[in-house]
Amino acid sequence: MLYLYGAAIFLSACLLFIMELLYAKMILPFLGGSPSVWITCNVFFQFALLVGYLYAHFIVNKLKANKQVMLHIILLMIPIALLPVAIPQSWQRPSEHNPVLWVLSIMIVTVGFPFTILSTSSPLLQQWFAYTRHKYRNDPYFLYAASNIGSFTGLIGYLLLIEPNLSIAKQNIYWKYGYIFLAVMIALCGAAILFTKRDDASAAEYSDDSSSAIISDKPITLKRKLYWIILAFIPSSLMLGLTTHITVDIASVPLLWVIPLGLYLLSYVIAFSKHIYIPQRILIKLLPILVIIQTVVFIGLPFKMVSIFIVPMLTFFVAAIVCHRELVLDRPSANHLTLFYLLMSVGGMLGGIFNALLAPVIFNSIAEYPIVLVLACVVCIYAGIYRYDKNNIDKVKIVYEDSIFIIGISAAAFLVLYIIRTLRFSFDSYESMLLLAIVGVLIYITSKYPMRFGIILGLVLFILNTDPMKSENVLYKNRSFFGVIKVEKLPISNLNKLVHGTTLHGAQFMDPQLRNLPLTYYFRSGPIGDLFNTFSGVNEKENIAVVGLGTGCI
């Protein structure tokens, strides 16, 4: 029975993530490789997950087990008539300015119902497992690891096997067959609880007779519910913020979207596993150190791959494990299983809404990522004190000495950053590295005090993000669905440059005699220059059409 439930949960999660990647790929031809495409898709998937979890929570609390099974099997059959998934040819083209609503509306119409029904599998099957007479029925949360292993398998399998070898049409057809097979497995899981002595079980009647020895079932207060939401919000937002960060700074390649998502899923697997590989106490102490290193990295380091890829990935992975493990450590008894997962999905959806819908409107840079990094540190330090260091509970309070201390440390950190900016140190010089180390130490000495640490780290990241020492040279800055672009003037060289994130995409001298001199991708002594020289020798008035990326530079 355990293997049947585990296999069904595994397959449902695998199909969910295959559909996420498949549908995102179907939309790409309309919108290109912007990370906002994936982030917007995630908002929809998280919303559908929330609706699915809400449905599971409702029927578990309102219906007896036999009625739950019958209703759910009927609903599972309906999407079969709607498959395979396809984007209607008659659908109106997306807006060039902000196609978020277009993406959400087309996903609701085409994939909304199948995805929502499929998303109910993990919490609902875990609750059904709790109705059985299996010896692990009182703590079915370990089955959530099977769900995340399935998600991770779907993710990797799609990249390595499905996407390179199958067309979109065939992927859709095979996905439909997988869905039908899953519906049969879920029906068997339902039959397994109907033919037990506990066939009249419902969540309201279910007696958690031995779970008290396993889980501390504290009252489900509003504070505890908000805590679950925040712990789920942080990794969700960080995952999407990291996706934007690395896509803008490295390349707008959809493959890169999958790496943060894979780490996000792997953190769930590790957190919900029965085996603890690294103690939570150590991870909580490690997280502030990693965030400080990343803060220093934001200032600048000579090792670009380390600074923009490896360090952020490691920091995110540790933060996600810490938050998800805190969720596991604070999980309620099986009586409240569906409520627990429902509030987790609320946190995940809020993370998506914050990154996809609010941040592009509120900020003109990728400010949401460092903001949530600070929040992650503060919450995790709080959790560490309450869980492991209750004798020093006063550390979480703000006192008069804190304000003096924060002002002093912040002033010192700002002074160091000002010296680095104004003296224009090379970031591979010993002087610069020493100053960066000083900034890191100044932040770290506050890491045992959540409010001190959060405020000082936030101020430093704010200075780096707003960069007031360079603001007078910024002629234009804007954030849209497709990223952050900025036009800067360089007074010394008398030229303007166009930057997307941290990538230079164009430059032009302001001197009238040099304005048409190509400076970036293409140049007169290269292949494009040779082509123009060939035309100029034939006909000086030849009209040449240029199509594609790089048109402006040519």
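**Figure 1. The largest nonpolar core of the predicted model comprises 136 residues.** Within this core, the residues with the most contacts are Tyr 23, Ile 27, Met 107 and Phe 272. Helix 1 (residues 2-31) supplies the largest share of the core, namely 18 residues. The structure shown is a predicted model. Its 554 residues include 51% that are buried, and its secondary structure consists of 18 helices and four strands. Of the contacts between residues at least 6 apart in sequence, 76% link residues at least 24 apart.

**Figure 2. Surroundings of Tyr 23, one of the residues with the most contacts inside the largest nonpolar core.** When neighbours within four places in sequence are set aside, the contacts of Tyr 23 are Phe 45, Val 85, Ile 87, Ile 106, Met 107, Thr 110 and Val 111. Among these partners, Met 107 is itself listed with Tyr 23 among the residues with the most contacts inside the core.

**Figure 3. Helix 6 (residues 121-131) against helix 13 (residues 337-362).** The two helices pack at an angle of about 165°, and their axes lie 9 Å apart. Helix 6 and helix 13 are therefore roughly antiparallel, an angle over 145 degrees being the criterion for this description. Their crossing is right-handed. On the helix 6 side, the contact is made by Pro 123, Gln 126 and Gln 127; on the helix 13 side, by Leu 337, Thr 338 and Tyr 341. Sorted by class, the residues of this contact are three nonpolar and three polar, with no charged residues.

**Figure 4. Helix 6 against helix 8 (residues 168-194).** Here the axes come within 9 Å of each other and cross at roughly 25°. Helix 6 and helix 8 are therefore roughly parallel, since angles under 35 degrees are classed in this way. The crossing of this pair is left-handed. Ser 121, Leu 125, Trp 128 and Tyr 131 of helix 6 meet Ile 186, Cys 189, Gly 190 and Ile 193 of helix 8. This contact contains six nonpolar and two polar residues, and no charged ones.

**Figure 5. Burial of helix 6 along its length.** Helix 6 is mostly covered, with 11 of its 11 residues buried. The buried residues include Pro 123, Gln 126 and Gln 127, which meet helix 13. Also buried are Ser 121, Leu 125, Trp 128 and Tyr 131, which meet helix 8. Ser 122, Leu 124, Phe 129 and Ala 130 are likewise among the buried residues of helix 6.

**Figure 6. Ser 236 within helix 9 (residues 222-249).** Ser 236 has a relative accessibility of 0% and therefore counts as buried, the limit being under 20%. Apart from residues up to four places away in sequence, Ser 236 touches Gln 46, Tyr 264, Gly 348, Gly 351 and Gly 352.

**Figure 7. Phe 532 within helix 18 (residues 527-538).** With a relative accessible area of 33%, Phe 532 is partly exposed, because this category lies between the 20% limit for buried residues and the 50% limit for exposed ones. Beyond neighbours within four places in sequence, Phe 532 is in contact with Ile 544 and Ile 554. Phe 532 and Ile 544 are separated by 12 residues in sequence and by 9.1 Å in space, C-alpha to C-alpha.

Key. Residues numbered from 1 in each chain as written. Predicted model: local features only at pLDDT ≥ 70, side-chain atom pairs only at ≥ 80, totals over all residues. Heavy atoms only, no water. Axes fitted to C-alpha atoms, helices over the stretch in contact; angles between N-to-C directions. Parallel < 35°, antiparallel > 145°, perpendicular 65-115°, else oblique. Left-handed = near helix turned anticlockwise from the far one by under 90°. Contact = heavy atoms within 4.5 Å. Nonpolar A, V, L, I, M, F, W, Y, C, P; charged D, E, K, R; others polar. Buried < 20%, exposed > 50% of the residue type's maximum accessible area, 1.4 Å probe, protein only. Core = buried A, V, L, I, M, F, W, Y, C linked by side-chain atoms within 4.5 Å.
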